[in-house]
Amino acid sequence: MFSKSKINDPSPKPADSSAPRTDKAPEAAKPAAPQAASSEFKASAPKAKPPASVLSSDLHVSGNLKTTGDIQVEGTVEGDIRAHLLTIGEGATIKGEVIADDVVINGRIVGRVRGLKVRLTSTARVEGDIIHKTIAIESGAHFEGSVQRQDDPLNGKPKTGQAQAATAAPAGQ
């Protein structure tokens, strides 16, 4: 019964289609204002999330890179990298410290890795320490160094806090 009444509802709409002829002008004016407002929101949306910067495979960078956005490295970087999302391509090599909220390693890193989420894929080669909140290491990944979990791995200060906590633990015993 309910589905039949729903089927009957569309039939009044064609009857209403004759009535909106007078309403079409006001309806056309009404959406124009929300569209202008939506275009303002669209203008601010790209500012919040710009596209990832890609460093191609033939690019060699000597120096530090720092952004609040995303970086995809396919070439070679000799220096530190700080980003929101950092993706290291299979042919990429990084020689320096890497700090990012989210790190996906497909290539080679020689240096420390700090990240909230760190993922080493099967093609990853890391020579250095990894400080993370969560980590995933796929089968086949090569890793040489130490792994340390921290609640705030992006900040260098928690090391001393952990050292103090470690010192406080024996004192409490």
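# Questions on terms and values in the predicted model

User: Which residues does aspartate 70 touch, not counting residues up to four places away in sequence?
Analyst: Aspartate 70 touches Lys49, Ala52, Ser53, His84 and Leu85, with residues up to four places away in sequence left out. Contact means heavy atoms within 4.5 Å. This is a predicted model, in which local features need pLDDT of at least 70 and side-chain atom pairs count only at pLDDT 80 or more, while totals for chains, interfaces and linings use all residues. Residues are numbered from 1 along each chain as its sequence is written, and side-chain values use heavy atoms, with hydrogens and water left out.

User: Why is aspartate 70 called buried?
Analyst: Its relative accessible area is 9%. Buried means under 20%, exposed means over 50%, and partly exposed lies in between (1.4 Å probe, protein chains only). Aspartate 70 is therefore buried. The residue is found in strand E4 (residues 70–73); strands (E, at least two residues) and helices (H or I, at least four) are DSSP runs, numbered from the N terminus.

User: What lies 3.4 Å from the backbone nitrogen of leucine 85?
Analyst: A polar atom of the side chain of aspartate 70 lies there. A polar contact is a pair of N or O atoms within 3.5 Å; within protein, one must be able to donate a hydrogen and the other to accept it, and residues adjacent in sequence count only if both atoms are side-chain atoms. The distance of 3.4 Å is within that limit.

User: How many bridges join E4 and E6?
Analyst: Four bridges join them, in the parallel sense. Two strands pair if DSSP finds at least two bridges between them, so E4 and E6 meet the condition. Within this pairing, isoleucine 71 stands opposite leucine 86 in E6. Strand E6 (residues 81–88) is also joined to E8 by seven parallel bridges, where arginine 82 stands opposite isoleucine 99 and isoleucine 88 opposite isoleucine 105.

User: What makes strand E8 (residues 98–105) largely enclosed by the rest of the structure?
Analyst: Six of its eight residues are buried, so the rest of the structure largely encloses E8. E8 also pairs in parallel with strand E10 (residues 113–120) over seven bridges, and glycine 115 in E10 is the bridge partner of alanine 100.

User: What is the N to O distance in the salt bridge of glutamate 127 and arginine 108?
Analyst: It is 3.1 Å. A salt bridge is a side-chain nitrogen of Lys or Arg within 4 Å of a carboxyl oxygen of Asp or Glu, so this pair qualifies. Glutamate 127 lies in strand E11 (residues 125–127) and arginine 108 in strand E9, so parts 19 residues apart in sequence are tied together. Glutamate 127 is partly exposed at 34%, and arginine 108 is partly exposed at 29%.

User: How far apart are the closest N and O atoms of glutamate 97 and arginine 112?
Analyst: They are 3.9 Å apart, and the two residues form a salt bridge. Glu97, Arg112 and Arg114 are linked in a network of salt bridges.

User: Why does isoleucine 137 count as partly exposed?
Analyst: Its relative accessibility is 45%, so isoleucine 137 counts as partly exposed. It is placed in strand E12 (residues 130–137).

User: Which residues make the nonpolar surface patch of about 220 Å²?
Analyst: Ile135, Ile137 and Val147 make it. Patches are made of residues with over 30% relative accessible area and no salt bridge; like charges are joined within 9 Å, and nonpolar side chains (Val, Leu, Ile, Met, Phe, Trp, Tyr) within 5 Å. Accessible areas come from the Shrake-Rupley method with a 1.4 Å probe, and for residues only the protein chains shown count as cover.
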